[in-house]
Amino acid sequence: MQVNQEDRITPQEKSANTNTLTLVAVTVAAFIAGGAYYYFQAGEPEPVPLPVEVVDITEEPLVSIADIAEPVIEDIIEPKIIEAEPQVQVEPLPTLSNSDGYVHKKTVEIADGMKIEPLLVEKDLLRHFVVFVDNLAQGELARKVSPLKAPDKIFTVSDITNKTYLNPDSYHRYDLYANFVANLDEQQLAATYKALTPLLEEAFEELGYGDMSFKQRLLQAIDIMLAAPVIEQPIELDGVSVNYQFVDPQLEALANAQKLLLRMGPENTKKVKAALRKLKKYLVS
């Protein structure tokens with residue numbers, strides 16, 4: 001407890017001089033107090049002074065500072081220590097020409113354990129993706145610049161009662177691709193797209209579209225794919241080998257990009273469309 005130096009009580013020696021000084025001090029203090037009282041009570045009848053009893057303080061025990069009880073301080077509020085939030089290290093963005101390792105890493109991260117790594121092209125991954133999207137927006141498939149390698153399983157058909165149908169087993173060639181797209185975490189995908197946007201726009205500028213952004217082109221490609229139908233029943237084909245055509249004229253009239261979804265089968269088509277709707281919602285928000 002802090003004690004004001006003026007309030008401090010010091011040990012006194014038993015001598016006449018000290019006791020006299022103490023008496024004088026007490027008397028002066030009494031007069032000062034009395035004078036202040038009269039000053040603030042001006043106009044009232046002057047009180048009759050009472051006789052002052054002089055007490056020999058040498059007879060009284062002195063009070064020690066140790067005899068004064070320390071006040072009890074309850075509910076002491078501890079100062080709250082606010083820890084500084086750790087700073088997030090932002091990975092520097094590479095140049096477009098040196099971005100393959102960076103993009104490859106980001107793609108594997110958002111795959112979240114899926115075995116997508118063997119399907120990724122090794123060189124110019126972003127440029128391949130941008131050109132592929134540009135062709136999708138026009139309804140075309142640019143297989144040579146696809147960012148993902150083609151399925152290693154062979155396309156097959158089924159012959160039933162002198163008719164040829166797309167073999168449902170062929171749908172499973174695209175299961176890994178569809179599952180990869182369907183299982184992407186929305187927030188992580190959005191964060192990755194945002195981080196790569198400068199590089200994507202730079203790659204798109206190389207195509208010579210001066211009045212359009214890659215984002216606009218991507219939205220066009222998404223709308224093309226979303227417009228593709230989902231066919232639940234067997235799909236009849238006409239022709240031989242790679243020249244197979246859809247017997248249904250409406251299906252045959254579809255853009256090549258939309259026909260890709262037909263070859264993926266109805267379940268995979270639904271997965272891809274659901275993912276595209278989520279991505280579109282992010283892009284237009």
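## Chatting through a predicted model

Visitor: What does the hairpin of S1 and S2 have between the strands?
Guide: Two residues. Threonine 161 in that hairpin takes a positive phi, near 45 degrees.

Visitor: And the sheet, in what order do the four strands come?
Guide: The order is S1-S2-S3-S4, in an open sheet with antiparallel pairing.

Visitor: How many bridges for S3 and S4?
Guide: Two, again in the antiparallel sense, with S3 covering residues 236-238. Aspartate 238 has glutamine 245 of S4 as its bridge partner.

Visitor: Okay, zooming out. How many helices and strands in the protein chain?
Guide: Nine helices and four strands. Starting at the N terminus, the run is α-α-α-β-β-α-α-α-β-β-α-α-α.

Visitor: What share of the residues is buried?
Guide: 29% of the 285 residues. The chain exposes about 20,500 Å², and 56% of that comes from carbon and sulfur atoms.

Visitor: And what share of the contacts comes from residues 24 or more positions apart?
Guide: 68%, counting contacts with a separation of 6 or more.

Visitor: Helix packing next. At what angle do H2 and H5 cross?
Guide: Roughly 170 degrees, with the axes of H2 (residues 100-111) and H5 (residues 186-205) coming within 10 Å. Angles over 145 degrees count as roughly antiparallel, so that is what H2 is to H5.

Visitor: Which residues make the contact?
Guide: From H2 you have Tyr102, Val103, Lys106, Glu109 and Ile110, and from H5 there are Gln188, Leu189, Thr192, Ala195 and Leu196. Sorted by class, that contact has six nonpolar, two polar and two charged residues.

Visitor: How do the axes of H5 and H6 cross?
Guide: At roughly 95 degrees, and they come within 9 Å; H6 covers residues 214-226. That makes the two helices roughly perpendicular.

Visitor: Which residues meet there?
Guide: Tyr193, Leu200, Glu201 and Phe204 of H5 meet Phe214, Lys215, Arg217 and Leu218 of H6. In that contact of H5 with H6, five residues are nonpolar, none are polar and three are charged.

Visitor: Switching to H8: why is it largely enclosed by the rest of the structure?
Guide: Because eight of its nine residues are buried; the helix covers residues 256-264.

Visitor: Which residues of H8 are buried?
Guide: Ala257, Gln258, Lys259, Leu260, Leu261, Leu262, Arg263 and Met264.

Visitor: What follows H8?
Guide: Glycine 265, with a positive phi near 90 degrees.

Visitor: Last one, alanine 274. Where is it found?
Guide: Alanine 274 is in helix H9, residues 266-284. Its relative accessibility is 33%, so alanine 274 counts as partly exposed.

Visitor: What separates the C-alpha atoms of alanine 274 and alanine 182?
Guide: The separation is 7.2 Å, although the two residues are 92 residues apart along the chain.

Note on methods
Residues numbered from 1 in each chain as written. Predicted model: local features only at pLDDT ≥ 70, side-chain atom pairs only at ≥ 80, totals over all residues. Heavy atoms only, no water. Buried < 20%, exposed > 50% of the residue type's maximum accessible area, 1.4 Å probe, protein only. Contact = heavy atoms within 4.5 Å. Areas by Shrake-Rupley, 256 points an atom, 1.4 Å probe, with all protein chains shown as cover. Pairing = 2+ DSSP bridges. Axes fitted to C-alpha atoms, helices over the stretch in contact; angles between N-to-C directions. Parallel < 35°, antiparallel > 145°, perpendicular 65-115°, else oblique. Nonpolar A, V, L, I, M, F, W, Y, C, P; charged D, E, K, R; others polar.
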